[in-house]
Structure formats: structure tokens, C-alpha cells
Amino acid sequence: AMVMATGASPIVLVLLLCWVAPSGQDMAPVQLRLGGPRGSAGEGRLEVLYQGRWGTVCDDGFDFHAATVACRQLGYTAAITWTHSATYGQGEGPIWLDNVRCGGSEGSLAECVHNGWGISDCHHGEDAGVVCSGQRLPGSSPQATTSGRLGEVAGLSLEEVRLKPILARAKLSMPVIEGAVEVKHNGHWRQVCDANWTRNNSRVVCGMLGFPREKHINTSFYRKLWNRKLKDSNSSLKILSQKNSFWVHRVRCQGSEPHLARCPVQVAPPAPRQHACPHGMHAIVSCLPGPAFQKGTGKGKNKTSQGKVLPVRLRAGTHVGEGRVEVLRHGQWGTVCDKQWDLAAASVVCRQLGYGTAKQALVGARMGQGLGPIHLSNVQCTGHERSLGECRFQDAEHSGCQHESDAAVRCHMPHMDFKSQVRLAGGRNPEEGVVEVLVPVQGRLQWGAVCGAQWGLNEAMVVCRQLGLGFASHALQETWYWAGSPDATRVVRSGVRCAGTELALQQCQHHGPVHCPSGGGRFSAGVTCTAHAPDLVMNAQLVQETAYLEDRPLGLLYCAHEERCLSRSADHMQWPYGHRRLLRFSSQIHNLGRADFRPRMGRHAWTWHQCHRHFHSIEVFTHYDLLTLNGSKVAEGHKASFCLEDTNCPEGLQRRFACANFGEQGVSVGCWDTYRHDIDCQWIDITDVPPGSYTFQVVVNPKHEVAESDFSNNVMRCQCKYDGQHVWMHGCHTSDAYGADVVNNMERQERLANNLV
């Protein structure tokens with residue numbers, strides 16, 4: 001019971017009345033917007049307009065329900081996830097809301113319970129963000145302010161560019177690589193006059209359309225077609241071409257611009273009554289697609305001038321053609337510091353990879369932080385370079401750069417129409433459902449289901465990428481709770497096997513004649529997609545520094561034996577007499593992705609292990625193997641995730657997962673989980689292994705139980721020498737940390753040293 005002075009009760013009553021019936025100002029529609037560096041539409045730092053001032057929302061208590069309310073208020077159908085710790089940069093002004101608690105059905109964030117406007121104990125390092133579904137609510141007029149469409153340039157007068165195919169073969173081509181240039185000006189499409197049209201103009205147009213290079217073209221045949229159409233009495237071209245509103249008069253590009261809007265453009269001729277295109281026709285452009293988009297190839301290498309070639313790759317991007325920039329230098333992959341990072345440098349990266357120019361040059365580790373060296377800083381390109389290595393740059397070693405400044409890009413991509421060849425049906429939202437594909441069946445295109453047998457995350461990843469939905473979070477072999485489309489009940493694909501890098505499911509291997517003994521229906525393949533995914537990477541250097549041997553008495557190994565952390569020969573020993581020789585080491589697993597790594601199973605399904613007195617959230621989290629140099633396994637170990645938590649986080653990020661008191665398990669974005677060398681099962685039992693040279697291998701998330709944005713870096717290998725008494729580890733690296741030639745050379749040297757070649 002609460003006791004208080006009688007004189008205070010009227011005040012308490014007034015306060016209670018205010019809380020029950022908020023003022024009209026509180027209940028007025030609150031305007032929201034997304035701030036921070038621009039990414040995909042529907043993601044950013046959540047900002048609220050209150051009393052005429054924009055402010056932020058603290059991440060304390062913020063959850064998926066609150067994100068759902070915010071996304072719906074912003075005009076989107078649903079929330080995909082929410083972010084914490086100022087993922088989209090620190091905001092400015094007041095922190096208007098703290099400890100926001102929503103049920104999920106409120107019409108406005110202002111209707112949710114919170115501390116009160118402006119009452120907060122947070123700082124801007126705790127600003128919350130949201131990632132909303134890309135689909136708008138029908139008829140919504142979102143209360144949002146964003147900084148414009150992707151690729152939009154300030155002061156832009158030319159909004160879009162397209163190629164209108166003229167020849168029959170060009171009309172059948174996908175992507176369209178040749179045709180007449182059309183630009184959108186003030187909402188209307190116009191042709192561009194070919195008078196004074198240059199190859200530099202073509203280069204910029206091709207870059208905008210997702211192609212790395214332009215191609216020389218003989219326009220004489222197009223001129224004949226143009227003249228024939230002008231003489232054709234049924235054609236309206238003669239009348240239209242007389243109007244200046246049909247034309248853009250002149251474009252003058254240098255060839256290094258990322259967008260046509262950056263080029264000097266004269267829409268109308270300088271003289272008032274001058275014709276915009278006298279004796280001219282529409283400009284014709286032919287583009288050369290990158291290797292991945294050329295017919296009959298899904299793979300290939302760019303031909304780049306030798307000399308200063310620095311191989312590049314993109315990591316952790318939601319879509320093809322975006323990601324953190326990594327370069328291969330001195331045989332090792334590393335990141336690029338964002339000092340002076342701009343569209344010119346980003347465009348060189350995009351073109352080098354076989355894409356077009358850059359839509360965005362992203363700074364501040366917008367595509368997650370890398371691990372390992374930072375190679376380049378202060379990159380300055382003219383835009384004409386064929387490789388990032390031809391640009392001016394400084395070694396980042398002494399630049400003071402940290403991984404929170406890793407540069408990233410979003411590239412212009414060719415339109416392939418892949419989206420129209422696959423769809424999801426029956427899901428609760430557009431990001432999930434039964435996979436249905438459009439394929440030729442007996443000479444005509446038909447929608448149908450995919451056999452669920454052997455369907456896995458690699459295949460699901462390709463589907464989500466093809467639909468522009470990011471990564472797969474689940475691959476389902478049974479979909480009995482999702483009803484497929486009535487016109488797609490027949491199984492038209494089976495035995496689908498993807499590498500995971502394909503741009504469309506149609507590019508994956510599959511059975512010739514369909515063979516699906518389980519039938520379709522509830523055994524059809526399904527997926528759940530997500531815009532962001534975690535990415536676990538082992539710290540290879542720490543393994544190398546902490547490895548040692550221990551002869552451990554059997555009396556101390558009962559629990560480890562129960563959890564199958566010893567070799568089988570331990571079963572036949574005279575317990576508790578004797579010992580096992582253990583190769584011990586510490587492991588530190590970083591989450592370099594853009595979503596938290598969480599166990600697939602909820603707490604209700606975790607397994608209790610009485611001996612060690614802890615819960616296993618993932619039964620096999622890592623595999624430890626000792627291999628001969630020929631690849632045969634001589635010893636193995638495994639690690640259950642009995643405590644998946646944020647052991648440490650970089651400065652500015654708060655630890656959010658802790659195992660104490662049956663707490664939530666996971667690894668937050670940017671944080672890492674450390675298993676010390678002195679913990680049970682943090683070893684390989686090498687009691688039965690003879691002296692020699694071996695490869696030590698660690699595989700994180702080996703069964704792909706939890707989806708990641710990149711599985712290529714889940715394997716870590718070291719060269720290991722064991723003389724019977726001591727062990728030496730060297731050359732530790734994740735499987736994608738070095739170039740293939742360096743790894744091959746390391747393995748070759750090791751084989752030569754041991755007379756295996």
C-alpha cells in the first residue's frame with residue numbers, strides 16, 4: 001500500500017489524469033523521418049518531430065514492436081528489423097523518446113508508452129534505427145523526409161536514362177545493351193540529338209545503366225532506318241522530331257562522371273528559334289556488359305591492363321553490386337579507409353568488378369567493419385582508371401584509420417528482369433513463402449514449384465538475391481503451412497544445387513527430367529529472406545598466438561568426455577588413470593555482418609548439460625580438425641555454443657547479449673565472442689597423433705544452422721608442426737583472407753619441406 005500526505009493527493013490526481021488522457025499536443029500525429037547516410041529506401045536513424053524540433057529515439061527498450069509501429073507510420077508494410085547504438089550515425093538535437101514500449105498495433109509512435117517527451121538518460125551513441133519492408137502501404141502518404149532516390153544527384157535535371165532498342169536483336173536482348181538514348185527531363189522522356197555526341201557521353205550512359213564500358217558502333221545503318229521512318233507517311237516521327245520538346249540539344253561529358261546529371265547539358269538550343277537537332281537523329285549507344293551479365297556466362301574475369309592491378313571484391317552487401325570494399329594487396333585481403341572516398345573512386349571499383357558507375361560512395365563502415373589490415377587511405381581517382389591500383393593513394397598503415405571508417409559502394413547494375421522469373425507465395429509477408437519459378441515446360445513458360453529435397457541455404461540465398469530481398473534467413477524443405485499459388489502446384493524443378501553466387505535460380509544446376517519422389521505440395525521448397533545478415537569470422541592471429549600443448553589428467557575430463565570432446569580411444573582407458581594430450585588455443589569470433597548472430601532455436605529448445613551445468617543454444621557451433629597435408633583427418637574436436645555472448649565490443653557499442661542468469665544469447669553487430677584456451681572442449685585431442693606437419697582447421701557455424709551473409713570466411717586454417725613434445729602454429733588465415741596464389745604457395749612449400757611432392 002502507498003501512504004502519502006492528504007495534501008498531496010490532488011497533485012497526484014492531476015498527474016494521473018494527465019497520464020491517462022495525454023494532451024492534444026501529445027496525441028497529434030507525430031512526424032517521423034529516417035536520417036543518417038542514405039542506404040536503401042526504408043532504412044535509417046529514426047527521427048521524430050516534436051514541438052517544431054527534430055530529435056532521435058533512444059534504443060533502451062526499443063524492440064521489434066516499436067519498429068513495426070514506426071515503419072507503418074512511415075508508410076511501409078512492415079518492419080524487417082531494428083538497429084541500436086547509432087548504427088546509422090549519431091543524430092543531433094534532443095532525444096525525444098526513451099524506453100518506448102509498443103504493442104505493435106498502435107497507429108503512431110506517440111501512442112506507445114514511453115518516459116515522456118524529452119525525458120531520457122541516453123546519449124546519441126544509443127540512437128535507434130529501423131529497417132522497413134521496401135513495399136509501401138497502398139495509398140500511403142508517408143510522414144517521412146528522406147534525402148532522395150538512390151543515385152540521385154543534387155540539382156539534377158535529368159532524372160533517368162534508358163536505351164530504347166531499335167534493332168530486332170536488341171529488342172530480344174536482356175539486358176538491353178544497344179539503342180537510342182532517352183532521358184527523362186521534368187517527368188517527360190526525350191531523345192538526345194546525336195550531333196556532337198561523343199564516346200565519353202556513351203561511357204557515362206553505359207555506366208549509369210550498369211555497364212563497365214561503351215562499345216564503338218557504326219551508326220550508318222541506324223541513319224538509314226531514321227531516314228526511312230521520316231519518309232514513311234504512317235510514322236509520326238517527322239512531326240515529333242520538328243518539336244524542340246522532343247529533344248535534348250547537347251550533352252558534353254568528360255567520361256569520368258558517375259551520372260549524366262554531372263555533365264554540362266543544354267536541353268534547349270541557345271538561340272530562341274533554333275531547331276534542337278537540325279539534320280540530326282537520336283544518339284545511339286552500345287554498351288559492353290560485365291562478365292556476369294554476358295550471355296552464356298555466369299562467371300569470368302575482367303580483362304584489366306596489367307601492371308597496377310589491385311584485385312577488389314565487395315563484402316556484406318544486401319544486393320549484388322554493393323558492399324564493403326576489400327582489395328588484395330601483398331597477397332592479403334584488406335579494407336579501404338574512407339578518407340576522401342568519393343564517387344570517382346567508388347566508380348573505378350564498380351567498373352573493375354564488371355558493373356556500371358557508383359550510385360553511392362559509402363563511408364563510416366555502412367556495410368559492416370572488416371577484420372585484418374586496412375590497405376589504402378586517401379584514394380584519389382580521375383574516374384578513367386581501369387583498376388583501383390592505378391589511382392593515387394596512401395598506405396593506411398600510418399593514417400590512424402580504424403575499421404569503423406571502412407569504405408563501401410553501391411554500384412549501378414544492369415536491368416536483367418530476373419525478378420519476373422521467381423516469386424514467393426503464401427507467406428505472411430512479401431519476404432517469405434513457397435518458391436515458384438517461371439521455366440519452359442514443353443515449349444511454353446509455366447509457373448511451378450521447386451522440389452524441397454536437398455534444398456538448402458545456398459539455394460535460398462540465390463532466390464532472395466534474385467528478388468532483391470537480400471539474404472536468406474531460412475531455407476525450408478517443407479512448407480505445409482504456406483499455400484502456394486493454384487496455377488503453380490506442379491513441381492517444375494528438382495535437384496537444384498547452387499554455389500550461392502548465382503544471380504538467378506535458373507543459372508543453378510538441376511535435374512534434367514524432374515525427379516521428386518516426395519512430390520510437391522507440403523514438400524515444396526520455401527524461403528524466408530532478410531535485408532541484413534550476420535557474418536562470423538574467426539580471429540586467426542589469436543589462434544596462432546595462444547596455441548599450446550597440455551597433458552591433462554583423465555580425472556579432470558569426465559564432463560568433457562560426456563560431451564564427446566575427446567578422441568574415441570579415450571573410451572578404452574582405465575579412468576581416472578592416465579592423461580590425454582590436448583592442443584589448446586583461444587578463439588575469438590567476430591560478427592562483421594549487419595545483423596546480430598542469434599541461435600536458431602529459442603531458449604525453450606536449448607539443451608541443459610548437467611555435468612557442466614549450462615545450456616547449449618547451438619549443439620555444434622565450431623568444428624576443430626587436424627588434417628594431413630593431403631587433407632585426411634587425423635584428429636577432430638567440436639564446440640557447442642554453451643555461452644554465445646558479447647565478450648567485448650568496440651568503443652561506442654554496448655554489450656547486449658550475456659549468458660548469466662539464463663540471459664539471451666547471441667553476438668551483436670561489431671562485437672566478438674571469446675572462448676579462452678582454458679575452457680573445456682577448447683582443444684583438439686591429439687593423444688593418438690604421430691609427430692609431423694599438419695593443417696589445423698576451424699570451421700565456424702559448420703552446419704550452416706544460422707544464415708550468414710558470407711560463408712566463404714567461416715573456415716580458418718593454420719600450418720601446424722608437431723614434434724611429439726612441442727607444437728608450432730604459423731600462417732593462420734581465414735579461407736578468404738589471402739589470394740589463392742599465396743595459399744597455394746604456402747601449401748606447396750609445406751609439401752616440399754615434408755617430401756610429399
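**Ser 567**

I looked up Ser 567 and found it in the loop between helix 11 (558-562) and strand 30 (579-584). The model is a predicted one. I then asked myself: is Ser 567 buried or exposed? Its relative accessible area is 17%, and the cut-off for buried is under 20%, so I put Ser 567 down as buried. For its surroundings I left aside the neighbours within four places in sequence; Ser 567 is then in contact with Arg 580, Asp 685 and Asp 688.

**Sheet 28-31-36**

Next I went through an open sheet of 3 strands, whose order is 28-31-36 and whose pairing is antiparallel. Which strands are at the edges? I noted strand 28 (536-538) and strand 36 (672-675), each of which pairs on one side only. Direction ignored, neighbouring strands of this sheet are turned by 20 degrees against each other on average. I also checked how strand 28 is joined to strand 31 (residues 587-591): they run antiparallel, with 3 bridges. Within strand 31, Ile 589 is the residue opposite Met 538.

I recorded Trp 54 in strand 3 as the bridge partner of Leu 49. Opposite Val 57 I found Leu 97 of strand 5.

How values were computed: Residues are numbered from 1 along each chain as its sequence is written. This is a predicted model: local features need pLDDT of at least 70, side-chain atom pairs count only at pLDDT 80 or more; totals for chains, interfaces and linings use all residues. Side-chain values use heavy atoms; hydrogens and water are left out. Two strands pair if DSSP finds at least two bridges between them. Helices (H or I, at least four residues) and strands (E, at least two) are DSSP runs, numbered from the N terminus. Buried means under 20% relative accessible area, exposed over 50%, partly exposed in between (1.4 Å probe, protein chains only). Contact means heavy atoms within 4.5 Å. Axes are lines fitted to C-alpha atoms, for helices over the stretch in contact, and angles run from 0 to 180 degrees between N-to-C directions.
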